[in-house]
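Trainee: Could you take me through one part of this structure closely? I would like to hear about the disulfide, please.

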Amino acid sequence: MQAIKPVPLLEWRGIFHRAALLPFMVQKKASRASSKRKSKAKPKSKLWWLLSQVTVLAAVVAVGWVVWLDIQVLREFSGKKWSVPARVYARPMELYPGAAISPDMLARELLVLGYREVKTPSRAGQFKKSGSQVHLISRPFRFWDGDESARELNVRFDGDRIAALFDPASRSNTSLARLDPALIGSIYPSHGEDRILVRLDQVPEALVSALIATEDRRFYDHWGVDPKSIGRALVANVRAGGVAQGGSTITQQLVKNFFLDSRRTLVRKANEAIMSLLLELHFSKEEILEAYLNEIYLGQDGARSIHGFGLAAWYWFQTPLEELALHEIALLVGMVKGPSYYNPRRAPERALKRRNLVLQLMADGSPAWAEEVESAKSQPLDIVERSVIGTSRHPAFIQLVRQQLQRDYRSQDLESEGLRIYTTFDPLVQRAAEQAVRERLTQLEQERNLAIGSLQTAGVFATTETAEVLAVVGGRDPRASGFNRALMAKRPIGSLVKPAVVAAALAGPEGYTLASLVNDEPVTVPLPGGREWQPKNYGERYWGKVPAYEILVHSLNAATVDLGMTIGVPAVVAQLRQLGLSEDPEPFPSLLLGALELSPLQVAGLYQPLAAGGYQRPLSAIREVRDAVGAPLQRYPLDVKQAMATPVAALLNWNMQQTVERGTARALSWLMPESAGLAGKTGTTNDLRDSWFAGFGSNMLGVVWVGRDDNEPAGLTGASGAMRVWADTMKSVALEPIVTGLPNGAEWHAIKPETGALADGCADTTRVPFMSNRLPLEQDACMQKDAPGFLKKIFNWLE
Amino acid sequence: MSKPLSVFSFRLVALWLLALLLSGCATFGGAGGQQGAGKTNPWASQAPYEWPPYQQSDASDLALGPAPQALLAEADAHYEAGRVSASAASLERALRLAPRSPVVWYRLAGLRASQGDLAAANRLAEKASSLVTTETSPRIRQWLSWLDDWLISQLRPAA
């Protein structure tokens, strides 16, 4: 558990020089009261004496009351701290020459970040896209490894890659720039306040002007209450025959907000006034204003209440507060009076009217604003349709973040300590996956006459070498925050287990190579208790004796069982454990065909080392955590461990590329423009209940499941369901092919596929990778005929 | 009624003062107490062994683009200033741009070694050597085997 520095509600400094005065002040009053009592020792008359006693008592009670209120004020405003939910950030986009980022991708990222598209970028958070160029001014941001300052950049593209980054300030090209990371959500209590704290110096001057013009014109002049405006309100109330109008100052509103009781009784009003005076006594105007700006309620997002202008700017405009335009500021200020009544999404006309009133009040209060106000009045509302932050937007990924954080942090710290969590989330991959799910599932249902809405899905996308989770799809509706299938739905993985069977054979003591012949014929496995198991191939088609690599290419069940029973099921369990499986499945023969229920996240974990040269790292969604003031709390450093010999991984990569080239995943070639160099494995379970696909290129891997929540047959094979969603996702992100070339300890040889015998330099052969220390024992007759010199030549040519 | 309050407040003020003083001290202490500061950088040129110089001219040989290259330089700068975790962050950043570069994995291994985590260093170094393929140029292979030998010599005392 981490020690977390609390966020002070107001700066301590304020309490110091003012609160220190308080005891003396109170003491002074009290001593005056007691000296009065002495002088009343000899009363001239009983009535007089009684009156004086009542006065003293009243004074003591009043002083006591004030003191009690003062304790309340101090406790509420300085002892307590803001409850600030943890803020979750996406990965920052790195811009550099050669990066696989197209102009559209960059523009999309900038929009996610809340950058404004303008004609001529003039300040941070603005950009312009024209053809194969994007001109932007980035925002400053403090990263773990240093500050990234705001900079102007001209990004030039060459097709779908960045060609150059030109820095107009220095008139030179730069090699690297990092954008600020997108804010993708927050971790707040199930029913609770959400806010982003701002300091007064971050707040635009216009906001303060608008607020004061609208809510409390004499804010800088009064002592917490404003008799003039109270008088005005009183007149109005007498006319209305009840309490209709408040003459509340900003200070009073702040006090009211903190004591959560909005009853408008006279006692309350009196208390509020006294506490406002006390608050002004203890704190400066600036401190009160800052607290107000962070406290005020400005909207409701489901169970989450939006507090403070910092979050409101993100919630309504998807922009940091500093970057709001005048008409946007005025809209927020207008909402202070009633965020629900003036909700610009539900009552746009009312909100617009109120906004323009605020603008008018600004111009009336200070002629300096007059000109800007006029142009602001003609602006549209400009609110975003739906906020990108809040867990409502990416609930599946946020849930994974939360799960991983809970190993190190307590729930209440996450919900209240204002932690900043820097994740591995890639908004562009997530968007591609969500779009793929939305379009493809409906299409599948229509094509196959399935009930509309019957299919469900889940997926996990991650980087290969660094094992960072890029995107999580928890179900068909990406906004639904309920059941997260990517993390929680455990389904039989079917044929997705086969690479582990082959891997165990390649590394085992039996001496198997990819060219070893295996039996693909109907097989009967005796089970304990006299029962028998007769696994069947898909379509009951059997291939006879084939090289072991055909197991993965055509997903041969019978051959898998033949191979698996030879090496033993425990060897397969051991292999799965090495790949990172956290559970310990029973070594039943049915495991060989994937009678193992795992979530898509777990499957992605098993495939990660396959895609990363045999080196495993638990899939991670978090890079680092900072506290509320930006001090580093924790890094999640990169570490890897070997789960499988690198040559074995290379052999499997080749094998799974064959699956895409000519096997069960060959449809990928028409599902996406570039399928060369991709590796994959389909998975289908009994009666077509689960459709799986796991695949990877050199930089990314993805695992997708499609099926039904009720576990009824979905009517889809791995290739006809999950693989399509996978392909739709991967074709719109920068998936790169697996690099050619074998690692040390692996080499190419030619074999005769009918016999599995080594046949370098012969005709009618297939080229297969082998571990250097494990070549086929048999050599084809044609090899022995050839002279070694000739063979060497061919060999060199092959290399 | 007011007297206990005044004492209470006085104590509170004293407490605040103390807390402020303590937190101030903690902050100053923290800034100077960066872990790893003062340790010799195995990647710096003044290391007591003949180190293959790492220079811009080697960029093409290392098969690294200018961006990861710049990040390696940044990692060096952080390290020399005693900011070890910032240095690690820069290396990891470089790794994200060039995830199959054996050089970057070696550098990360070296950093872990300098932090005293020799087991992690060993794992990362193994990972680095696993990325050498038949297509890696002979010069890089030579360079990396040199690094490998050095790392092994560093790791030996722990074994």
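Mentor: Happy to! In this model a disulfide joins A:C762 to A:C782, with 1.7 Å from S to S; the term stands for a pair of cysteine sulfur atoms within 2.5 Å. In general, a disulfide is a covalent bond between the sulfur atoms of two cysteines.

Before we go further, a word on what you are looking at. This is a predicted model, in which local features need pLDDT of at least 70 and side-chain atom pairs count only at pLDDT 80 or more, while totals for chains, interfaces and linings use all residues. Residues are numbered from 1 along each chain as its sequence is written, chains are lettered from A and ligands numbered from 1 in the order in which they are written, and side-chain values use heavy atoms, leaving out hydrogens and water.

Back to our pair. The structure holds 1 disulfide over all chains. The two cysteines come from distant parts of the chain, 20 residues apart: A:C762 sits in the loop between strand 33 (757-758) and strand 34 (766-771) of chain A, and A:C782 belongs to helix 26 (residues 781-785) of chain A. Helices (H or I, at least four residues) and strands (E, at least two) are DSSP runs, numbered from the N terminus.

Now look along the bond itself: the link of A:C762 and A:C782 is right-handed, with 100° about the S-S bond.

Are its ends buried or exposed? A:C762 has a relative accessible area of 15%, so it is buried. A:C782 is buried because its value is 18%. Buried means under 20% relative accessible area, exposed over 50%, and partly exposed in between (1.4 Å probe, protein chains only).
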